[in-house]
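This report covers a metal site and a set of ring contacts in one protein model. The sequence and structure come first.

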Amino acid sequence: MFTPAIVLLMGTANAWSIKTDDTGNELYWETSPIDVVVNPEGMSDVGADAVRDAVEGAAYDFYAADGSAIEFNVSYDSDGPQTVNYDDNVNAIFFTDRWTDEGRDPTLLALTYTWYMDGGQIVGFDMAVNLENHDWATQGEEGLNDLHNTLTHELGHAVGLGHSDDEAASMYSSTFAGELTKRGLSEDDIAGLLHLYEGMDFDTEPAQPFACSTGGAGLGAAAPLSVFGITLMGLMRRRRESDPQNAETAA
Ligand SMILES: [Zn+2]
């Protein structure tokens with residue numbers, strides 16, 4: 001029969017996606033809360049207090065997502081990392097005006113790098129926010145990019161979410177200057193989170209204690225951590241149709 005097949009399709013139309021490694025393993029954390037160090041230096045458009053409000057607002061969205069156990073533990077350090085580096089053992093959020101000097105796409109508002117093991121276990125992330133090519137605000141000022149709006153999207157990448165096809169989702173791949181509606185996680189975003197973290201018991205040891213699967217090494221052992229891969233994903237600034245077009249931006 002034809003009709004039931006259509007109903008089935010409509011009922012499973014999730015738009016969210018999960019990041020995967022080259023062999024298709026979904027990327028995910030086995031530990032929570034995830035420690036994050038924010039360095040507010042350089043964000044002179046906004047100021048350190050407003051940076052803090054935006055970060056905590058975005059982190060709270062994940063804490064408050066019903067049924068998902070993944071959380072962030074945020075601290076602030078004006079001497080914290082300002083470069084992408086796994087080996088510093090810090091999950092860093094930083095603001096940089098060296099965006100294109102360091103080879104990044106100027107249309108991107110921010111970029112999140114995640115490191116993971118063979119099997120998909122994420123073991124670290126860093127997030128860079130683009131101060132060189134974009135202007136920022138936290139109070140919904142017209143024409144400026146809302147920091148909370150972007151941080152929610154990037155923290156989604158940090159926990160393993162990919163881009164959503166739902167234009168209303170925080171994890172949609174692009175946003176407009178001044179947009180605030182993606183500060184909060186949508187139903188679609190939360191459905192992706194639940195796929196990874198629903199009912200996860202983070203009080204137990206990781207199922208795969210790093211690369212060591214014999215000898216009962218467990219968490220306390222100084223097993224060398226060999227990172228399998230790195231992914232990077234970001235949020236693209238998109239022009240409104242009413243924005244003035246000119247030769248340099250026509251594409
Ligand atoms: Zn993105």
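## Zinc site and ring contacts

The site of the zinc ion is tetrahedral, with angles of 96 to 131 degrees among its four donor atoms; four donors count as tetrahedral if all angles lie between 85 and 135 degrees. For four tetrahedral donors the ideal angle is 109.5 degrees. The model is predicted: local features need pLDDT of at least 70, side-chain atom pairs count only at pLDDT 80 or more, and totals for chains, interfaces and linings use all residues. Residues are numbered from 1 along each chain as its sequence is written, and side-chain values use heavy atoms, with hydrogens and water left out.

The donors to zinc are His153 (NE2), His157 (NE2), His163 (NE2) and Gly234 (O), at 2.0 to 2.3 Å. Donors are N, O and S atoms within 2.8 Å of the metal (3.2 Å for Na, K and Ca); water is not among the atoms, so sites may look incomplete. Along the chain the donors follow the spacing H-x3-H-x5-H-x70-G. Because histidine 153 lies in helix H3 (residues 147–158) and glycine 234 in strand S9 (residues 229–237), this pair ties together parts that are 81 residues apart in sequence. Helices (H or I, at least four residues) and strands (E, at least two) are DSSP runs, numbered from the N terminus.

Histidine 153 is buried at 0% relative accessible area, and glycine 234 is buried at 9%. Buried means under 20% relative accessible area, with a 1.4 Å probe and protein chains only.

Turning to the rings, the count comes to five aromatic pairs. Rings of Phe, Tyr and Trp (its six-membered ring) pair if their centres lie within 6.5 Å; planes under 30 degrees apart count as stacked, over 60 as edge-to-face and the rest as tilted. Two of the pairs are tabulated.

| Pair | Centre to centre | Angle between planes | Type |
|---|---|---|---|
| Phenylalanine 72 and phenylalanine 125 | 6.5 Å | 75 degrees | edge-to-face |
| Tyrosine 197 and phenylalanine 202 | 6.2 Å | 40 degrees | tilted |

Phenylalanine 72 is in strand S2 (residues 72–76) and phenylalanine 125 in strand S5 (residues 122–130), so their pair ties together parts 53 residues apart in sequence. Both are buried, and Phe62, Phe72 and Phe125 form one aromatic cluster. Tyrosine 197 is buried at 0% relative accessibility, and phenylalanine 202 is buried at 14%.

The charged end of arginine 52 sits over the ring of tyrosine 76, 4.1 Å from its centre. A charge sits over a ring if NZ of Lys or CZ of Arg is within 6 Å of the ring centre and within 35 degrees of the ring normal.

Notes:
Buried < 20%, exposed > 50% of the residue type's maximum accessible area, 1.4 Å probe, protein only. Tetrahedral: all angles 85-135°; square planar, octahedral: opposite > 155°, others 65-115°.
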